[in-house]
Amino acid sequence: MHGMRHRWMSVLWAAFLMAGVLEMVVFALVEPESLRWFGGDTLDLSPRAVYTLAFFVFWAITAVGAALALLLCTKPADSVVEDAAGVR
C-alpha cells in the first residue's frame, strides 16, 4: 500500500510542478483581463482568481496525463499474471 501511495504522490507532485511552469508560460503571454468566454463577454473575475483557476485546471490536466503514464508503465501484480495463466 505504501508503494502505491508513493507513486500517486509522485504523480501529483510532478503535475504540481508542471502546472506552475504552465502558469508562468501562459500568463507571460496572456493578460487575464483580456480573456473572454468563447469570444463573448470578458471574464468577471479578478486576475488573481483567473490565475488560481487556471493553476488548478493545469494541475488537473497534467495529473491526469501523469496518472495515465503511470498506469501504462505499471506491471500487473504477480497474482493477476498467475491467475491469467491458470497457475495457483
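Reader: Which residues does T62 touch, not counting residues up to four places away in sequence?

Author: This is a predicted model. In it, T62 touches A15, M18, A19 and L22, once residues up to four places away in sequence are set aside. T62 itself is found in helix α2.

Reader: Which backbone oxygen does the side chain of T62 reach?

Author: The side chain of T62 reaches the backbone oxygen of W59, at 3.2 Å.

Reader: Which residues is F58 in contact with, leaving aside its neighbours within four places in sequence?

Author: F58 is in contact with A19, L22, E23 and V26. A19 also belongs to the largest nonpolar core, and A19 is among the residues that T62 touches.

Reader: Which residues form a nonpolar patch on the surface?

Author: The patch consists of M18, V21, M24, V25 and L29, which together have about 520 Å² of accessible area. One of them, V21, is found in helix α1 (residues 2-29).

Reader: Why is V21 described as partly exposed?

Author: V21 has a relative accessible area of 38%. Partly exposed covers the range between buried, under 20%, and exposed, over 50%, so V21 is classed as partly exposed.

Conventions: Residues are numbered from 1 along each chain as its sequence is written. This is a predicted model: local features need pLDDT of at least 70, side-chain atom pairs count only at pLDDT 80 or more; totals for chains, interfaces and linings use all residues. Side-chain values use heavy atoms; hydrogens and water are left out. Patches are made of residues with over 30% relative accessible area and no salt bridge: like charges are joined within 9 Å, nonpolar side chains (Val, Leu, Ile, Met, Phe, Trp, Tyr) within 5 Å. Accessible areas come from the Shrake-Rupley method with a 1.4 Å probe; for residues, only the protein chains shown count as cover. A salt bridge is a side-chain nitrogen of Lys or Arg within 4 Å of a carboxyl oxygen of Asp or Glu. Helices (H or I, at least four residues) and strands (E, at least two) are DSSP runs, numbered from the N terminus. Buried means under 20% relative accessible area, exposed over 50%, partly exposed in between (1.4 Å probe, protein chains only). A nonpolar core is a set of buried Ala, Val, Leu, Ile, Met, Phe, Trp, Tyr and Cys residues joined through side-chain atoms within 4.5 Å. Contact means heavy atoms within 4.5 Å. A polar contact is a pair of N or O atoms within 3.5 Å; within protein, one must be able to donate a hydrogen and the other to accept it, and residues adjacent in sequence count only if both atoms are side-chain atoms.
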